[in-house]
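Hello,

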Amino acid sequence: MRTLSRRVWLLLGSAMLLAVVLLYLNSRRPSARVAVVQASRQTLSSSISSNGKVEPIVPYSLRAKFDGFVDQVIAVEGKNVKKGDPLLTLDDRDVRAQLDQARAQLATQQDDLRAAEAGGRPDQAAKLAADVRSAEVERNLLQRQQDTLTKLVAQNAATGEELEKNRAALEHADAELDQTRKAKQEFEHQVSLARERLGLLVEHSRALVSDLQYKEDSAHVLAPASGTLYSLPVHARDFVHTGDLLADIADLGQVRVRAYIDEPELGQLKPGQTVVVTWDALPGQTWSGKTEILPRQVVALGTRNVGELLCTIANQGMELIPNTTVDVRIEINERADALAVPRGAVQIDGTHRYVYRFDGSRLHRTEIRVGLSNATQFEVLSGINEGDVLALPGDAPLRDNMAVRVANPDSE
């Protein structure tokens, strides 16, 4: 029993000795190494970067007004043209034939309309009027004879047979007069209907002639304004359909860039902000302009929700061409003598932002308030001072009161 007790005490002693050794070794373990930076004052710019598409400000798209073949291409794509310069011609023989036929039809209909407005064909109108007058004269004569015979019969100076014969003739004359009057009324009614119908036909034919004349005129395609002929997709003997694109013209001295701005950044936009445009096809070259029309809605663009910002860009050399994709930077704000720190030194905890300030041996978690920001830096409004040394995240997680060594002592 005494031997067992000695063994227990021996084991306990060994354990205590091992713990002391481990504590000693742990106290001698070297501190974590961190990179540090200094908070410094500088001019800080805040901007929004995105992509966009180049568009002409006032484009003129010329399209075919009728189906047909391209007869001749006169202009050269990419060259400047003046207003009224011929660009190309279309074969308009079919259109001219249709126009001649429509004009002849219109002339005939106009003659018929003039006749209808004058009361119908003169010979027919005169004959019907004469028939009515003749029937009226005949009927009136018989009526007077009937009145005279009636008196003579009463005086026994004429027979009843003569009176009856005249009465039958008078009834026939009344029927003839009624028939001729109805024929004249029907003629006048038909003339009225014809006048309305011919009026509509004349208006339709006039519209047809105007449309065909417009098509014939459009066969000679002229530049509607001075500018650059930046698209000419047709060639001689090509067949084009109505509505097909023949040419695009615009003044490319100024262009519009449609910039696609992500939804969270839309609230920072204002008219008149400076815009800088770059194009991968011409590296090192920039174009500048101003924001003009702010987004009025958010639309889906692939996986993004964006607003479309319209910017006017100076393009004196006309290097930017329509439909190219460009990079866009909008300068939101700029502040001189701002206390700036790298974004990597700032950590976020909910709505709070903080840094780890280095005092020479340990880190101190310090909350800060930020102002402007860009892709690489934050402006610090309060919490630290100019020249304060801040730790950057590395392999080891940073903690408050953590003992560290500087990995880049020259930065202190």
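Predicted model: local features only at pLDDT ≥ 70, side-chain atom pairs only at ≥ 80, totals over all residues.

Residues are numbered from 1 along each chain as its sequence is written, and side-chain values use heavy atoms, with hydrogens and water left out.

Now the salt bridges (a side-chain nitrogen of Lys or Arg within 4 Å of a carboxyl oxygen of Asp or Glu). Searching the whole structure turns up 14 salt bridges.

One of them joins the side chains of Arg139 and Asp174, at 2.6 Å from N to O. This pair links distant parts of the chain, with Arg139 in helix H3 (residues 122–154) and Asp174 in helix H4 (residues 160–218), 35 residues apart. Helices (H or I, at least four residues) and strands (E, at least two) are DSSP runs, numbered from the N terminus. Arg139 counts as partly exposed, since its relative accessibility is 24%.

Another salt bridge brings together the side chains of Glu55 and Arg258, also given as 2.6 Å, N to O. Here too distant parts of the chain are linked: Glu55 lies in strand E2 and Arg258 in strand E11 (residues 254–262), 203 residues apart. Glu55 is buried, because its relative accessible area is 18%, whereas Arg258, at 22% relative accessibility, counts as partly exposed. Glu55 and Arg258 also belong to a network of salt bridges with Glu308.

A further salt bridge is formed by Asp349 and Arg365, whose closest N and O atoms are 3.2 Å apart. Asp349 sits in strand E17 (residues 347–349) and Arg365 in strand E19 (residues 363–373), 16 residues apart. Asp349 has a relative accessible area of 40%, so Asp349 is partly exposed.

Finally, do look at Ser46, which is placed in strand E2 (residues 40–56). Why does Ser46 count as buried? Ser46 does so because its relative accessibility is 5%. Leaving aside neighbours within four places in sequence, Ser46 is in contact (heavy atoms within 4.5 Å) with residues including Gln268, Glu331, Asn333 and Leu372.

Key:
Buried < 20%, exposed > 50% of the residue type's maximum accessible area, 1.4 Å probe, protein only.
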